[in-house]
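Try each task before you read its solution.

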Amino acid sequence: DGPGGGEGSSTTINVDVDSIEEAERVFAALAEGGQVQMPIAETFWAHRWGMLIDRYGKPWMVNCMKQP
C-alpha cells in the first residue's frame with residue numbers, strides 16, 4: 001500500500017496498530033538504522049501516522065487510525 005520507496009521497491013508495508021504508544025514503539029524500532037520519510041505525528045485521519053525506509057531498504061507506513 002502507498003507510495004513506492006527504497007531502491008527497486010514498488011510496495012510499502014502498512015502496519016495498523018490499536019494505540020498511540022504501539023504506533024510510536026513500532027515506528028521507532030523500524031526506523032532504527034533507517035531513514036524517516038515522514039516523522040510519526042497526528043494527522044486528520046490518524047492519531048499517529050509515519051513513513052520510513054528501514055535499514056534494509058524496505059518502505060513502511062505505521063498507522064493508528066481515528067475512528068469515524
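**Exercise 1.** Which side chains meet in a salt bridge at 2.9 Å, N to O, one of them being Glu22?

*Solution.* The model is predicted. The partner of Glu22 is Arg25. Both sit in helix α1, 3 residues apart, so about one helical turn separates them. Glu22 is partly exposed, at 30% relative accessibility.

**Exercise 2.** Find the salt bridge of Glu24 and say what it ties together.

*Solution.* Step one: the partner is Arg48, with the closest N and O atoms 2.8 Å apart. Step two: Glu24 belongs to helix α1 and Arg48 to strand β3, so the pair ties together parts that are 24 residues apart in sequence. Step three: check accessibility. Glu24 has 34% and counts as partly exposed. Arg48 has 19% and is buried, because the cut-off for buried is under 20%.

**Exercise 3.** Work out how the buried residues of α1 are arranged.

*Solution.* List them: Ala23, Val26, Phe27, Leu30 and Ala31. Seen down the helix axis, they fall within an arc of 125°, so they line one face of α1. Their cover includes β1, β2, β3 and β4.

**Exercise 4.** Is Cys64 buried or exposed? Name some of its contacts.

*Solution.* Start with its place: Cys64 lies in strand β4, residues 59-65. Its relative accessibility is 2%, so Cys64 counts as buried. Beyond its sequence neighbours, Cys64 touches several residues, among them Ala23 and Arg48. Ala23 is also one of the buried residues of α1, and Arg48 is the salt-bridge partner of Glu24.

Definitions and conventions. Residues are numbered from 1 along each chain as its sequence is written. This is a predicted model: local features need pLDDT of at least 70, side-chain atom pairs count only at pLDDT 80 or more; totals for chains, interfaces and linings use all residues. Side-chain values use heavy atoms; hydrogens and water are left out. Helices (H or I, at least four residues) and strands (E, at least two) are DSSP runs, numbered from the N terminus. Buried means under 20% relative accessible area, exposed over 50%, partly exposed in between (1.4 Å probe, protein chains only). Contact means heavy atoms within 4.5 Å. The arc is that of the directions from the helix axis to the C-beta atoms. A salt bridge is a side-chain nitrogen of Lys or Arg within 4 Å of a carboxyl oxygen of Asp or Glu. Lists of a residue's contacts leave out its neighbours within four places in sequence.
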